[in-house]
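Please read the points below with the model open beside you, and look up each residue as you come to it.

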Amino acid sequence: MSVLMFEKLHVPSSSMVTLFIDGIPAQAECGESVAAVLLRQNVAASRTTPVKKSPRAPYCMMGVCFECLAVVDGVASTQSCLVTVQEGMQVERQHGRRSIAS
Amino acid sequence: MMRQFDVVVVGAGPAGMSAAIGMRELGLTVLVVDEQPTPGGQIWRAVEAVAPTKIGELLGDDFRSGKEVAARFRACGACYEPHSQVWQIEPGWRVLLKQAGRAEAVFAAQVVLATGAQERPVPFPGWTLPGVLTVGAAQILLKTSHQIPSDPVWIAASGPLPILYMAQLLRAGGRIAGWIDTSPPGAWRRALPWTGVAIADAAEIGKGLGWLREIKRAGVNRIRDISHFRASGDGYLQELEYVQRSGKSTRVAASVLLVHEGVVPSIHMTQALGCTHGWNPQQLCFAPRLDEWGQTSLSGIYVSGDGAGIGGAKAACIRGEIVALGIGHRAGVMTAEAALARAAALRKKLHRLLRLRPLLDAVYRPRNDIFSPADETIVCRCEELTAGDIRRALEIAAPGANQLKAFTRAGMGPCQGRQCGYTIAHLVAAAQKKSVATVGFYRIRPPLKPLTLGELASLAIESDT
């Protein structure tokens, strides 16, 4: 149940970082956003909604739709389109309601 | 100690950068905060890194021109803090920020809101499915990640941005499965009153026609006379169905669908502050009411750029420069005569840059059904409320937009009405047989961006410092 939605025009040789999406390593170019990386994965969804558990993926890429919310380095409901990738960053898809602890 | 500046600028796009440069020339202390990692706003996203590359070349000269403005901004001496979000502004002016997990209050005598625009929400059945994105989102992915849709992409859109993006995508080697041109029929008839302007601005019109030629040469399937369309799929976009006015229905497989119906000013901050707004009937949006210097109804709060009404990047730069003069005069570092004299030339330029806008607004009017979606269509994405849910609630007690929020939770999710505000306003107006201008927008409340309790707790209280 997956489809590749977006792909990079080229594979850059240098300045790559590795981040982890639900524990699975993903390559990213320095300076790009976590949401952009999510859209290149086989499952592009960043979260499921608190109301009906529907899957949602990055939609606006400019901070106004809040569909790209994910748990980034332990912080829930982070707008992943506004976060720049870092080496070793831990990204988890956010399922349903965020927990108050994180 | 709380940091204090003559001016805090919110947003480092064309308007924010130009205002900062102008105010620094007048010797004011300036803090510029911006959500993004680098200056440029949405139009010039990642321009410093991308302009000199092949991608910069295919994005075009209007994009690359941002590099020079960004360089002047970097050198202007303003304190520039990227990756910063403003979540509230209180009288005083006390600007509440969050940066790297910490909250901070900064004092400013004057504030410039240069928060630009957002794409107009475009509700249709299936628009919440993964795989449906805005055209602006796809263009940002091209600018910042050199990333294009893997399969031939479907585009259901109207306006200059989709035409530009399609041309850029083709130059990048991307493929377009089809363009569902949603602009209502009769575009040229609507454009007729503006023929004079079109001739005067032939160069700008020529750019648009050039993009259209590129799209045509590539053999893109342009589908017109659309009555409605829907996206469907199990957990993500799989199929697109469009129905033409003739009644002919077509179903196609799709993995990415890009949508766009123009842009509207970002009004969340001015709404939260309680600035007076007016309805713009040409651009079908609310915008803060401003004086000749860009000052809102609140003394010391200025709006610059597309947040004042859609005008594009060049106009945003000029508006930024005009705001700088107004603030310089108000701060007492410039006489009224000097400010007026310098502003006169800028206003002339601004007038020239804005004269084509009514034509664009007329030609690319958004399709009507985004304001009156079918009952099954989700209108509040966050709370998953359909147009039918809203219409049923509206039958009960004829509530206004804010009461409706309390009844249904529409507009209470994380986007705080950024994706449903206009749809709700139109549904309320239709139910009450009033104009949208009368019905108004949601009351917007802080925090304007998600804030953790930890971040809130990190805020130093004045008495502590």
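1. The largest cavity is lined by B:Gln118, B:Pro121, B:Val264, B:Pro265, B:Ser266, B:Ile267, B:His268, B:Gly417, B:Arg418, B:Tyr422 and B:Phe441. A cavity here is a set of points, on a 1 Å grid over the protein atoms alone, where a 1.4 Å probe fits but cannot get out, and a lining residue has an atom within 4 Å of a point. The volume of the largest cavity is about 60 Å³, where a volume means the space filled by probe spheres set on the points, which are joined across faces, edges and corners. Its lining divides into six nonpolar, four polar and one charged residue; Ala, Val, Leu, Ile, Met, Phe, Trp, Tyr, Cys and Pro count as nonpolar, Asp, Glu, Lys and Arg as charged, and the others, Gly among them, as polar. Over the whole structure, the search finds three cavities of 30 Å³ or more.

2. A word on the basis of these values. This is a predicted model, in which local features need pLDDT of at least 70 and side-chain atom pairs count only at pLDDT 80 or more, while totals for chains, interfaces and linings use all residues. Residues are numbered from 1 along each chain as its sequence is written, chains are lettered from A and ligands numbered from 1 in the order in which they are written, and side-chain values use heavy atoms, with hydrogens and water left out.

3. Now consider an open space. A pocket is an open set of grid points with protein on both sides within 12 Å along at least five of seven lines, and the second largest pocket holds about 960 Å³ of space. It is lined by 36 residues, of which A:Arg98, B:Arg409, B:Met412, B:Gly413 and B:Pro414 are the closest to its centre. Two elements give two or more residues to this lining, namely strand 4 (47-48) of chain A and helix 16 (401-408) of chain B; helices (H or I, at least four residues) and strands (E, at least two) are DSSP runs numbered from the N terminus. Helix 16 of chain B supplies the largest share, three residues. By class, the lining of this pocket has 17 nonpolar, 10 polar and nine charged residues.

4. Which strands pair with strand 6 (residues 102-113) of chain B? Two strands pair if DSSP finds at least two bridges between them. Strand 1 (residues 4-10) of chain B runs parallel to strand 6 over six bridges, and B:Gln4 stands opposite B:Phe107. Strand 5 (residues 94-99) of chain B is antiparallel to strand 6, also with six bridges, and B:Leu97 has B:Glu104 as its bridge partner. Strands 5 and 6 of chain B form a hairpin with two residues between the strands, where B:Ala100 takes a positive phi near 45 degrees. Three bridges join strand 6 in the parallel sense to strand 20 (residues 301-303) of chain B, with B:Val111 opposite B:Ile301.

5. Chain B also has an open sheet of five strands, in the order 8-16-10-11-12, with parallel pairing. Strand 8 (132-134) and strand 12 (222-223) stand at its edges with a single partner strand each, so one side of each is left without a neighbour in the sheet. Within the sheet, five bridges join strand 10 (residues 153-158) to strand 16 (residues 257-261) of chain B, and B:Ile155 is partnered by B:Leu258.

6. Helix 7 (residues 160-171) of chain B has 12 residues, which should span 16 Å at 1.5 Å a residue, and its end C-alpha atoms are 17 Å apart, which agrees; the expected span is 1.5 Å times one less than the number of residues. Its buried residues include B:Ile163, B:Tyr165 and B:Gln168, where buried means under 20% relative accessible area, exposed over 50% and partly exposed in between (1.4 Å probe, protein chains only). Just after this helix, B:Gly173 takes a positive phi of about 90 degrees.
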